[in-house]
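Consider how the parts of this chain are held against one another.

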Amino acid sequence: MSKVEISTPGKLMLFGEHSVVYGHPCIVTAVDQRMNVVAEIQENSNLQIIAPEVGLSSYSQDINNLGKNPNIPKGARFVETAVRNFFEKFNMRSGLRIETKSDFSSEFGFGSSSAVTVGVVKVLSELFDVKLKEQELFDLSYKTVLDVQGVGSGFDLAAAIWGGTLWFVGGGKTIIPLGRSSLPIVVGYTGIKADTPTLIRKVEEENRKYPKIIGKIFEAITLITEEAKDVLERRDWTRLGELMNLNQGLLDSLGVNTRELSSLIYAAREAGAFGAKLSGAGGGDCMIALVDSQTRGAVERMIDKAGGKVLQVKTGAEGIKK
Ligand code: MEV
């Protein structure tokens with residue numbers, strides 16, 4: 001095969017952000033906003049990357065120097081590192097043209113870096129006929145993410161690979177599918193792009209300062225996440241909403257909440273949502289609210305009125321797709 005196309009879903013964190021970085025569990029769901037990766041073999045010794053959604057019209061690097069350009073544009077980093085890691089692991093090399101196309105903006109924190117990383121590793125395994133089990137695909141993608149940004153639990157990679165809603169324990173120690181049905185959720189974007197590694201380091205700093213207290217907060221988030229897993233299976237939305245509110249309070253105490261997130265979260269609760277919380281690293285980015293068919297319209301209007309942008313997404317989306 002000389003050309004392969006793959007698509008991977010973005011994600012939304014439901015419960016357990018930040019504590020998952022410390023080996024605790026989280027619940028993540030894949031969303032129907034997808035990343036397409038097309039790879040083609042080229043008869044030269046260049047890796048050419050085209051990623052218009054991150055402002056990369058064309059970037060080229062000699063395949064013998066992958067990962068060696070200190071001025072590599074941000075949008076090319078995950079792709080180039082994934083290619084380098086794949087070539088190193090399977091001891092191969094080839095000229096390549098990789099083009100990415102995304103349904104979603106990299107602004108929204110739907111996990112475009114993880115979706116693209118999984119997409120590139122998978123597309124290369126198809127292109128070069130290397131059989132990769134899902135866990136191997138996860139491990140190579142996770143190595144790539146750690147090589148690029150140094151921190152992260154890998155939960156977003158699992159969502160991109162397996163899809164659906166997942167129970168995920170930090171580093172991929174346990175991954176359990178929790179079903180494929182879409183949850184009644186409204187997503188509100190604050191308009192503020194957040195940088196995940198910076199927020200992870202912020203929590204790290206708090207943890208250094210107050211290890212006993214932050215340790216207890218992580219434990220409490222874990223109890224909430226465990227309870228949420230059972231409640232989610234029973235589809236008890238009232239209780240799931242309350243658990244979201246509890247999780248939100250603890251995220252606030254970790255220092256990753258913002259005034260803008262709070263304002264959308266309170267707007268959603270006041271409009272009748274079962275519960276609402278930030279989703280992901282915090283510092284801006286998105287919040288989620290649990291609703292039913294009666295409250296959805298009012299919650300969306302109130303989020304909009306409070307200055308947020310409502311993003312239409314379906315959860316529980318399919319994982320990797322050819
Ligand atoms: C970011 O979306 C979620 C964090 O838990 C980071 C991670 O798990 O990699 C803050």
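In helix 3, Glu134, Gln135, Leu137, Phe138, Ser141, Tyr142 and Val145 meet Leu157, Ala158, Ile161 and Trp162 of helix 4; contact here means heavy atoms within 4.5 Å. The residues of this contact divide into eight nonpolar, two polar and one charged. In that count, Ala, Val, Leu, Ile, Met, Phe, Trp, Tyr, Cys and Pro are nonpolar, Asp, Glu, Lys and Arg are charged, and the others, Gly among them, are polar. Helices (H or I, at least four residues) and strands (E, at least two) are DSSP runs, numbered from the N terminus.

The model is predicted: local features need pLDDT of at least 70, side-chain atom pairs count only at pLDDT 80 or more, and totals for chains, interfaces and linings use all residues. Residues are numbered from 1 along each chain as its sequence is written, and side-chain values use heavy atoms, with hydrogens and water left out.

Two packed helices are described by the angle between their axes and the distance between the axes. For helix 3 and helix 4 (residues 155-162), the axes come within 10 Å and cross at roughly 145°. Axes are lines fitted to C-alpha atoms, for helices over the stretch in contact, and angles run from 0 to 180 degrees between N-to-C directions. Helix 3 passes helix 4 in a right-handed crossing; a crossing is left-handed if the near helix is turned anticlockwise from the far one by less than a right angle, and right-handed if clockwise.

How many salt bridges does the structure hold? There are 12, each a side-chain nitrogen of Lys or Arg within 4 Å of a carboxyl oxygen of Asp or Glu. One of them pairs Glu126 with Lys322, with the closest N and O atoms 3.0 Å apart. Glu126 lies in helix 2 (residues 112-127) and Lys322 in the segment after strand 11 (309-311), so this pair ties together parts that are 196 residues apart in sequence. Glu126 is buried, at 16% relative accessible area, whereas Lys322 is exposed, at 72%. Buried means under 20% relative accessible area, exposed over 50%, and partly exposed in between (1.4 Å probe, protein chains only).

Arg84 is in helix 1 (residues 74-90) and Asp147 in helix 3 (residues 134-149), 63 residues apart. Asp147 is partly exposed, at 36%.

The structure holds zero disulfides, a disulfide being a pair of cysteine sulfur atoms within 2.5 Å.

Most residues other than glycine have a negative phi, and most peptide bonds are trans. Asp285, though not a glycine, has a positive phi of about 60°. Asp285 lies in the loop between strand 9 (275-279) and strand 10 (286-290) and is buried, at 8%. Arg235 also has a positive phi, near 55°. Arg235 sits in the loop between helix 6 (211-234) and helix 7 (237-253) and is partly exposed, at 39%.
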